[in-house]
Amino acid sequence: MAHILVIDDEELSLFTMREILEEAGHTVVTAGDGMAGLALQGAQAFDLVITDMVMPHKEGVQLIVEIRERDSRIPILAISGSGRSRNTDFLELARQHGANAVLTKPFSEEDLLNALAVCLETDG
Amino acid sequence: MNRSMLALAKRAAVFLGVAAGFLWTFVALADDPNSRSLIVVGSETDYPPYALVSKDGRAEGFSVDLMKAVSEAMGIEAVFKVGTWDEVRAALERGVIDALPLVSYSKEREKIFDFTMPHTVADAVVFKRRQAPDIEAVGNLRDQTIVVMRSDAAHDWLVRNDVSGKLVLTDTLPEAFRLLAAGKHDYVLAPRLVGLLTVRELGLPGIETTGPLIDAYGRGYGFAVKKGNTALLLKLNEGLRVIKETGRYDAIYEKWFGVVDRKGPSSELIFRYVLWASAGIGVVGGVVFVWIAILHRIVRRRTAELRNARDDLESRVAERTRELENKNFVLDAVITGSSNAVFVKDRDGRFILANRRAARNLGLEPEDMIGRKAADFLPPEFVSKMEKEDRAIIETGIATEGEETIRYKIGERIVRAFKTPYRDSEGNIIGIIGIVRDITERKRAEQDLVAQRQLLDTIIETIPHGIFWKNRDLTYAGCNSKAARNWYLEKREDLIGKTAFDLARDRVEAELLTARDRVVIDEGKALINFEDNHLRADGTVATHLSSKLPLRDAAGNVTGLLCIFLDITDRLAAEKQLRQAQRAKALGSLAGGIAHELNNLLLPIEALSKMAEKRAPENSPERLRLSKIVEASERAAEIVHQILTFSREDDEEKSIVDMASVVGEATRLLNATLPSNVAFRCQQASGIGAVRAVSSQIQTVVVNLVTNSAEALEGRPGDVVLSLDRLELDADAVREFPELQPGPYARIAVRDTGKGIPPDIIDRVLDPFFTTKEAGDGIGMGLATVHAIATRHDGAVRVFSKPETGTRVDVYFPLVSEREALVSVSLGQD
């Protein structure tokens, strides 16, 4: 079972992911923005970080860069609502900056658990 | 005797007639202008008392007085010049003087002079000492010593007649008389009167004349005129006769010779020669006398008549002279003051007259031109041309008028030259009269005017606007070609004089067109930038942006109207396209934002409802309900996906793709899915080319278009035809596609035989979420997405539709150059 940090500014999204992940037997810590997420990541040892890309205070891309600076090995799963807008492909950017997998909202239980498996296998 | 007298009288009468005829001729000659009423008389300086000079230099003497008296009697004014014999004689020959008062006759002199009758017969006489014996005849002197002046006529006479072998010669008369007075000799032969005067002047005593008068001096002295001056000769002869008759002659004789010859025999002698001349004729002499008397009267009468005639003539001449002078003055003033250059040239081209203006053109004074030729002042190429013209005028006698440009010293001038032959009084062409008007200013003004008119015309023709102007009665007064074409007229002139009622299709249209004209004319109001519609010949409607303005005269009265208009149909269409594109973009941006938010919300709905559905008991109402939530959230997710596809701007990497194969793939997919009522066909031209595109998006376009068309059939059988072709859009064609650049394009056109799109909504079919389908049938993103994709590929979409006939949608994608396509293919192979 994995200890997972989930960062998203959308409360409903956080709740949904916690439901899916805890059903699957994982432990979940959530953060409502990038700043809080980064603080938690520094304070605890997580097996995986799931982060939204479009958030207040700290954009997902910036958060990924800073996590990677601190820990080059921790698996990161990037998720995004529209994924792409205004010529900016956030998920592509996330990949480039160190995300191990990406996932577009809305996704199903299976989608998330599959992506989780991919991330943890890479790590393994 | 009687008979012979009668015959003689008859002859005399005939002779008189002839003579009178001659006389008429002579008198007529007297009227000749050469016979002046003023004559110049040359008198000798030292031949006293006949001719001498007073102390104050005036001519005096017997002959001078006679000439004065004769002149006075004949109404001639005589002025006297004095000189030696040689001088005055030469002056007469040259014609400087007209008459000499004292010339003795000789054969030699008659060759150069004509003589009047002698007025003085200078007889010689023998002078003796009182103590010496008288002589009866010259023959008595045979053995006597005779003193005589050397070379004097008396000397000649003595030698010729062999009077005496004893002659004593002196150089002067006084010397001869002094010898006599001194008692050295007894006799002197000398001119009688001169001798007497000399003796008196010298105060020599005891000298007297003796014996007969001797004709030693021939015919004596007369007046002489130049040979051939018969008129003056006749006048002088007549005058001599007059003064003899009036006693004037005797008075003069008395004055000069009275002291020595109180009796004055010369009054008898004066006609002696005439009497001698007539003595031989006898009775005829009498006739001649009568004839002379008659002639005399005729001459006097005639003279009076002539004098009157002369006076009359003189006053007429004076009057004519005044008239001519007046005319000349006026003519001179006209020529001098003329603003035209006026000149006269002789046949050789030399100027014989030129006014100030003519000279000024050449930078000269008029007198500088006289005697010179144009070649002296003007450029040779012009002169040779001008001389040719002048020759033609002289040869043909035809005046010419024409314009030419001349390079004068004062600069290049344009002139209008009128040249006409100059003829003498007999009509012979003796030169050329020229009048040259400087029309440079007028010409330049005309040229300026033409240039201005052309400029104005160019402007009117060049501006993109149609322009026309109308009279108050709304007839067209003028227009440019664009305005004429607006009425399908080839020539601008075709519009002039017509009204809208002549041109419009119907009265209603004409009324519509002229309604505003009336406002402009009647109220003097300018209507600026209003839009109105014009029905074109092809039935389409053109939109004009027009302004109509009153035209006013100087007093401000409205005389008509000016209209300029611009066909803004294309611009409006382009603006519409642009607005549509902008609206689509804005909507896309909005839709993208909404989609993002919706996806966030759909995550819990879809994921949690699926989890709940899975865990709900099988066949329970909860599971069914949850399955419906899942279905709805999936549909919602699909809509959001479509919206995102539409709003996505550059979501995927474009590559060079072959248009035909991409479209081909899409149609294969469609063939499997289209319902059976749809007869789907593909018409694909070969060699379309490649586009830089996201191939899945091209496929989306094809799928959306065909799906829309299939749905437009509404289940009824019908055709859906997809065609793919290639076309070049040049700069002109692109005007209808403001969003496109000129170049090669691939065109995907899909048409159907469906219900068509109502005109009132055709403008909105490209808008996102616009749909004609029943709620639930579609979300209205099909064409909006096609439009978004086309725009993203620098392409364009056009929709054509006729209700109940069908719809056609054309989508344009720019083709890449063959080179670009080749390079891309080779790179792809690497």
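Guide: B:Arg808 counts as partly exposed because its relative accessibility is 31%, where buried means under 20% relative accessible area, exposed over 50%, and partly exposed in between, with a 1.4 Å probe and protein chains only. This is a predicted model, in which local features need pLDDT of at least 70 and side-chain atom pairs count only at pLDDT 80 or more, while totals for chains, interfaces and linings use all residues. Residues are numbered from 1 along each chain as its sequence is written, chains are lettered from A and ligands numbered from 1 in the order in which they are written, and side-chain values use heavy atoms, with hydrogens and water left out.

The partner of B:Arg808 is B:Asp810, and their side chains meet in a salt bridge at 2.6 Å, N to O; the term stands for a side-chain nitrogen of Lys or Arg within 4 Å of a carboxyl oxygen of Asp or Glu. B:Asp810, with a relative accessible area of 1%, is buried. Elsewhere, shared partners link salt bridges into one network that joins B:Lys345, B:Lys385, B:Glu389, B:Asp390, B:Glu404 and B:Lys419. Over all chains, the search of the whole structure finds 53 salt bridges.

Another of these pairs is formed by B:Glu365 and B:Arg356, whose closest N and O atoms are 3.0 Å apart. Here B:Glu365 is partly exposed, with a relative accessible area of 37%, and B:Arg356 also counts as partly exposed, at 47% relative accessibility.

In the salt bridge between B:Lys755 and B:Glu714, the closest N and O atoms are 2.9 Å apart. B:Lys755 lies in the loop between β28 (743-752) and α24 (782-792) of chain B, and B:Glu714 in the loop between α23 (695-712) and β27 (718-729) of chain B, so this pair ties together parts that are 41 residues apart in sequence; helices (H or I, at least four residues) and strands (E, at least two) are DSSP runs, numbered from the N terminus. The relative accessible area of B:Lys755 is 25%, which makes it partly exposed, and that of B:Glu714 is 43%, again partly exposed.

A:Cys119 counts as buried at 0% relative accessibility, and B:Cys563 counts as buried at 2%.
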